[in-house]
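Hi there,

Here is the structure I promised to pass on. Please have it open while you read my notes.

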Amino acid sequence: MSQITSVYLAPMEGLADPPLRKVLCPHGGYDWCFSEFIRVTDEGLSEKTLVNDCPELLNGGYTQDGTPCRVQLLGDNPKLMADAAKKAARLGALGVDLNFGCPSRFVHHSGSMLLKEPELLHDITACVRQELDPKVLLSVKIRCGFADKKELPSILDSVALSGVSEVIVHCRTRSELYRADALDWSVLKPMAGLYPGVVLVANGDINNAEDAQKCRELSGCEHVMCGRGGFMLPNIGKVLKNGEKPYNEVQTLMVMREVAEEFVNMGIRREKIILDRTKQFLSYARLGSPNLREFFKKFCRCASVSECFEMIDRRIKSAELGEVL
């Protein structure tokens, strides 16, 4: 069986934010996690914004469990992006990632919209690498094209520059968004070895060991990034790299309980926020655990934090008894 050597937790906006990184990383066995994208506007980027979006900077660039966290930047101005990267490095960032892959309709002249402009991609990447301390890892996240996967070679030529450590490729175009039938890991295989010193990382629907093995064979990549798979299978990094047994229902419910506890411990007073984020976790976790699908329907009617914990604990007890039986 071909080996997966590195697994990253993807920077999913509104999902893998600081509290969820804090909960998921100890379970996941990730080699890196990433901040959600941090916008670099014409006004520049403040240290306060960097620390708010990536509190790991206050811990030497690591999550509480010791997982290194890369700061992800999104913008279209080479000089301002370089300035933001340098500021992140001064605050202790271990790595910086440039987001040229986000397909959100709320992202205009940045993210994956820039895939139509390879020269600008090159200018941003080159400027950041030139200005950034060489000790700070620089990576770039892209899609395999804007409208056509045939665009991938020219995009890679633009960003896989000397001094760039990794290019993370979501194997769909911007136009394809997240269509299941559009995913094609094989587009990466012809690119192997063309960019000395640059590691290609495969991304897109890697949710379990079977997916990872297929991706490894089709793409030739031994480094992968997992997004929703980290919620469907909370210990996914350990499963893919070490062959550990996937978390069962009880273990996944325990992680769900940690999610609720984390938002309570943050001092959030609005119960709706705590419930919404806990339900959000379960909405993805149920995709990896069929037994949780009916529980999700019931849990969606949960109306208070106290009821939230009661329902989780009852379900854990029931699942434990079911395993014994």
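This is a predicted model: local features need pLDDT of at least 70, side-chain atom pairs count only at pLDDT 80 or more; totals for chains, interfaces and linings use all residues.

The structure holds four aromatic pairs, and two of them are described here in detail.

Let me start with Phe231 and Phe281. Their ring centres are 6.0 Å apart and their planes meet at 50°; that angle falls between 30 and 60 degrees, so the pair counts as tilted. Phe231 belongs to helix H7 (residues 229–232) and Phe281 to helix H10 (residues 271–288), so this contact ties together parts that are 50 residues apart in sequence.

Next come Phe295 and Phe299. With ring centres 5.7 Å apart and planes at 45°, this pair is also tilted. Both residues lie in helix H11 (residues 292–299), where they are four residues apart, or about one turn of the helix. Phe295 has a relative accessibility of 4%, so it counts as buried, and Phe299 is buried at 0%.

Finally, two arginines are worth a look on your screen. The charged end of Arg70 sits over the ring of Trp32, 4.2 Å from the ring centre. Arg143 lies over the face of Tyr178, and here the distance to the ring centre is 4.9 Å.

Technical notes:
Residues are numbered from 1 along each chain as its sequence is written. Side-chain values use heavy atoms; hydrogens and water are left out. Rings of Phe, Tyr and Trp (its six-membered ring) pair if their centres lie within 6.5 Å; planes under 30 degrees apart count as stacked, over 60 as edge-to-face and the rest as tilted. Helices (H or I, at least four residues) and strands (E, at least two) are DSSP runs, numbered from the N terminus. Buried means under 20% relative accessible area, exposed over 50%, partly exposed in between (1.4 Å probe, protein chains only). A charge sits over a ring if NZ of Lys or CZ of Arg is within 6 Å of the ring centre and within 35 degrees of the ring normal.
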